[in-house]
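Open your viewer and get ready to select parts one at a time. Each stop on this tour says what to pick and what is there.

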Amino acid sequence: MRILGGISRKKHAMYFLLFTVASFVFSSLAYYIPFGYGIRLSLTSYDAISKPIFIGFDNFKELFQDPVFWVSTKNSFIYALYVVPTIVILSFLIATGLNKETRLIMFLRVLYFLPMVTSSIAVSLVWKWIFHRDYGILNRIMEFFHLPRQDWLGDPKLALLSVAIVGIWGGLSYNIILFLAGLQNIPKTYYEAAMIDGATKKDMLFYITVPLMSPITFFVLVTTTIWSVQVFDTVFIMTSGGPGYATYTLVYYIYRNGFFWFRMGYGMAIAWVLYGFLLILTIIQFALQRKWVYYE
Amino acid sequence: MSRKRSVSDIVVLILLIFGAFIMFMPYWFMVILSFETPEETASVPPHLIPHNPTMENYRKVFIDMNFGLYSLNTAFVAGALVVAQVLFCSMAGYAFARLAFPFRRIIFLIFLSVMMLPTVVIIIPRYLLLKNLHLINTLSGVILLEIFSAFGIFLYRQHFLSLPIELEEAAVVDGASVWQIFWKIVMPLSKNITMSFGLLVFIYGWNLFLWPLIVLTSPEKRTLPIALAMLQGRYFGDWGAMMAGAVVAAVPPIILFILAQKSFIRGIAFGGFK
């Protein structure tokens, strides 16, 4: 990396400040100030109207005894367990299938990419209809195969799974693109050399493609985990956390506390615990990567 | 050998087509339900194409529900975000790529560190900050806290590093200021990246949900995703109206995506693994 030559140090500094001042202001407003404020907020009881009351760690003590907090935590993690492995495996397989440039494949790619650009609220509404007990197409398909009708969003045992199906459907696109970009970076000569040595397609997949794709797989794994634990939009539209607390997730519970019951301090305490979970998950994944990620 | 391979290719292709069919199915029903009467949307079994197509649902969302205004609000938020993010991210990206400043690397890392802080974690203090600034229930409030993008700064910085610095230094010799170099030489060489990044930002802004849901309280300020969520309350069970609203929200980004597919994918692939 080289800096621009022929300009005085003073000019460099002046232009540096001119070019970054807006970013300093907007990053402070959007991240650093709320971050600091959030720490203080979590130690208070505050309804956004009367004066905040300092209560120390009471919010944190309360949440450890709050059954809804634990249900929301459990749901967020089960949701991630449904969504993350499915997305990683399916998007990898789909990407290997789409890694050709024929007209048909190019057309199919567009269909696979659509959910990424579509409002999550619009698709959640359609999926709500698809899952509808009486009118929905899914129960119609179940009947066609002589399977029993289900109350997909109304049955506490199925609701979280149904929301997760929408999450998987919506989360594939982005990761297919990442995998496709990675596949296109593998030099063709590797496969040609393997072919000369008599390798089968399966050999090439497991001994060339999979190891060379492991850094991207790792990236996909980490980002999809972080993304899925934060599920909110689909829950908000399709189930409102119900039936009962069957689809309450951490972000949904933060939202309810903050903007429904106006328990700002308590909501913030939950948000910090969520952040702690995300950091721990990321650290675990980084610690494990040495065992399976292959860097050239 | 080659025949066996072509059989497996066909199996793969059939599976891919089946998958694409599932990906597409929700869009199909979104569109056909939006042209059905309330009676028809409640028909069992559901119709695969509308028997008596009607524009009534679109009349409802545009005339009764003000979706025209909501579309404008949404376009305003998304458009303003594109302009602001492209402007500020490219400038900051250039500073980190080419300009000297004490602790420049550390400042860059501090900016990037926000990528590790999901916005939902700090959504409550963000809301309270906006309240203190008296910007609750304004579109500018929604935009203001979404302008900073660490990803954008990173993207532009990487791109600027790949440009030949000799070109810029020749301009210095000719007496151009950094400001002129940036706008007359560097940015014109960055049209592709700006196109990719701008497209990503527009679609991101168009589809934003939780943040505007919290900030915007009065009906005339709504963006499309918020208006859609509210349709559920007002037209509960009126699937035709809800789907017409969903189509209005879904179509513009899809058109943009199809028109500029390559550009969009380049943006994502770049952010993905650099």
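A note before you go on. This is a predicted model: local features need pLDDT of at least 70, side-chain atom pairs count only at pLDDT 80 or more, and totals for chains, interfaces and linings use all residues. Residues are numbered from 1 along each chain as its sequence is written, chains are lettered from A and ligands numbered from 1 in the order in which they are written, and side-chain values use heavy atoms, with hydrogens and water left out.

**Stop 1: the domains of chain A**

Select 9-41 of chain A for domain 1, then 58-292 for domain 2. These bounds come from an automatic or database domain assignment. The two centres, taken over C-alpha atoms, are 33 Å apart. Four residues of domain 1 and six of domain 2 make the contact (heavy atoms within 4.5 Å).

Together the two domains of chain A bury about 370 Å², with 78% of it on carbon and sulfur atoms. Buried area is the accessible area (1.4 Å probe) that two parts lose on being put together, summed over both. Now pick Phe35(A), Gly38(A) and Leu41(A). They supply 90% of the area that domain 1 buries against domain 2, more than any other three residues.

**Stop 2: chain B against chain A**

Show both chains. Here 101 residues of chain B are in contact with 96 residues of chain A. The buried area is about 9,100 Å², and carbon and sulfur atoms give 79% of it. Select Met23(B), Ile124(B) and Trp239(B). They supply 8% of what chain B buries against chain A, more than any other three residues.

**Stop 3: the salt bridge**

Between chain B and chain A the count is one salt bridge. Select Lys201(A) and Asp9(B) to find it: their closest N and O atoms are 3.5 Å apart.

**Stop 4: helix α1 of chain B**

Select residues 2-34 of chain B. This is helix α1, which gives the most to the side of chain B that touches chain A, with 18 residues. Helices (H or I, at least four residues) are DSSP runs, numbered from the N terminus.

Terms used
A salt bridge is a side-chain nitrogen of Lys or Arg within 4 Å of a carboxyl oxygen of Asp or Glu. Helices (H or I, at least four residues) and strands (E, at least two) are DSSP runs, numbered from the N terminus.
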